[in-house]
Amino acid sequence: MEQSDQESSLKDAVVRTELVCRGCQYNLYGLAASGKCPECGLDISETIIHTIDPAASRLPNIANPRAVGNGLLWLLVSLAIATLFLIARPVALRLDALDKTGVRDYSAFAPKYLPFAAGIVILFGLFAAVRFIPKNGNKNDGAIRKDIRVLMTGMIGLSIFCFVSSGLQLIPVTNWIISLTHIALMVCAIIILLGLKGILRAVGQRSREYRTARGGRQGIRAMIGAMLAAITGELVRLVAERLGSFPTIEIMAMVATWMSVLMLLIGLIYLVVNGWWIRKALCKPPPKISMILSSRDDWDARN
Ligand SMILES: [Zn+2]
């Protein structure tokens, strides 16, 4: 029997593997694909379609799915770790400053070299991004290549500004310079997110969990929005600080920036979970229909 015939009709097919009914976990081995589950009455075809994930199997093959899955997950983990490293010290210093008695010393737990470490982590993440570059020279690869270039540009920029901001801790500089470095870091984050948006859209199609998730799927647009809000907050704060007569606006802008950065961090943690789903789908793709079904003739001949 031809493969295409098998896919077009389940009529004369028999389940040839230990396929578990979606409705009740009953083992459908040896049953006609067009029938119903003898235990719960669910159409066997529904279990088959759910198992093979036809939407994913229609997508073109990736030459190196395992490398792409692992690379994507490591990339997202490195972005989350780098962000955590970058914000740990400013948060600790802010908390210490809030304590009027001066006893609190959170910054002792967030050493000065953390931004430098963040830069190194980003460089490792960049190595992961190299693994996404499609290998089979498909004509549809142009868009993803562009997304990867955008992502890598943002990551190189981010690591450079991580090193700059760790260097600035060693020399006396004005608050302006530090704020501008923070803004530069956030602009790089937006560039990374723009690249990531296209990559996740393309690769995420392979994971049913990612495709169909509603609450658990992190939207990149919301994260870009958070970064824009953080940049705006930082700029407003700088201007208010410069003018010196708007302490309330200064505080509000600072709170807005911090909330937005926190949203980014939470978004990154969600993205790591999404990356885990996608990696799972890439490393262990759903079975082809021919692995589940056998034609009636073949089945009868074998049994
Ligand atoms: Zn059943």
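**Cores, helix and metal site**

Mentor: This is a predicted model. Its largest nonpolar core has 52 residues. Leu 75, Leu 151 and Met 227 have the most contacts inside that core.

Trainee: Which elements give two or more residues to this core?
Mentor: They are helices H4 (65-98), H5 (114-130), H6 (142-168), H7 (175-204), H9 (220-243) and H10 (247-283). H7 gives the largest share, twelve residues.

Trainee: What is Leu 75 in contact with, leaving aside neighbours within four places in sequence?
Mentor: Gly 125, Ala 128, Ala 129, Phe 132, Leu 151, Met 155 and Leu 196.

Trainee: What does the second core include?
Mentor: That one is separate and has 14 residues. Among them are Ala 13, Leu 19, Ala 33 and Leu 293.

Trainee: How is the chain divided into domains?
Mentor: Domain 1 is 3-53 + 287-302, and domain 2 is 65-283. Their centres are 46 Å apart, taken over C-alpha atoms.

Trainee: New topic, the metal. Which residues are the protein donors of the zinc ion?
Mentor: Cys 21, Cys 24, Cys 37 and Cys 40, each through SG. They lie 2.3 Å from the zinc ion. Along the chain, the donors follow the spacing C-x2-C-x12-C-x2-C.

Trainee: And where do Cys 24 and Cys 40 sit?
Mentor: Both are in the loop between strand S1 (13-15) and helix H2 (44-52). The pair is 16 residues apart, so it links distant parts of the chain.

Trainee: What is the geometry of the zinc site?
Mentor: Tetrahedral, with angles of 104 to 115° among the four donor atoms. The ideal angle for four tetrahedral donors is 109.5 degrees.

Trainee: On to H2. Which of its residues are buried?
Mentor: Ile 44, Thr 47, Ile 48 and Ile 52. Seen down the axis of H2, they fall within an arc of 120°, so they line one face of the helix.

Trainee: How does that work in a helix?
Mentor: An α-helix has 3.6 residues a turn, so residues three or four places apart point the same way.

Trainee: What covers those buried residues of H2?
Mentor: The cover includes S1, helix H3 (54-57), helix H11 (289-292) and strand S2 (293-295).

Trainee: Last one. Is Asn 303 buried or exposed?
Mentor: Exposed, because its relative accessibility is 60%. Asn 303 lies in the segment after helix H12 (296-302).

Conventions: Residues numbered from 1 in each chain as written. Predicted model: local features only at pLDDT ≥ 70, side-chain atom pairs only at ≥ 80, totals over all residues. Heavy atoms only, no water. Domains from an automatic or database assignment. Donors = N, O, S within 2.8 Å, 3.2 Å for Na, K, Ca; no water. Tetrahedral: all angles 85-135°; square planar, octahedral: opposite > 155°, others 65-115°. Helix = DSSP H or I, 4+ residues; strand = E, 2+ residues; numbered from the N terminus. Buried < 20%, exposed > 50% of the residue type's maximum accessible area, 1.4 Å probe, protein only. Arc of directions from axis to C-beta. Contact = heavy atoms within 4.5 Å. Core = buried A, V, L, I, M, F, W, Y, C linked by side-chain atoms within 4.5 Å.
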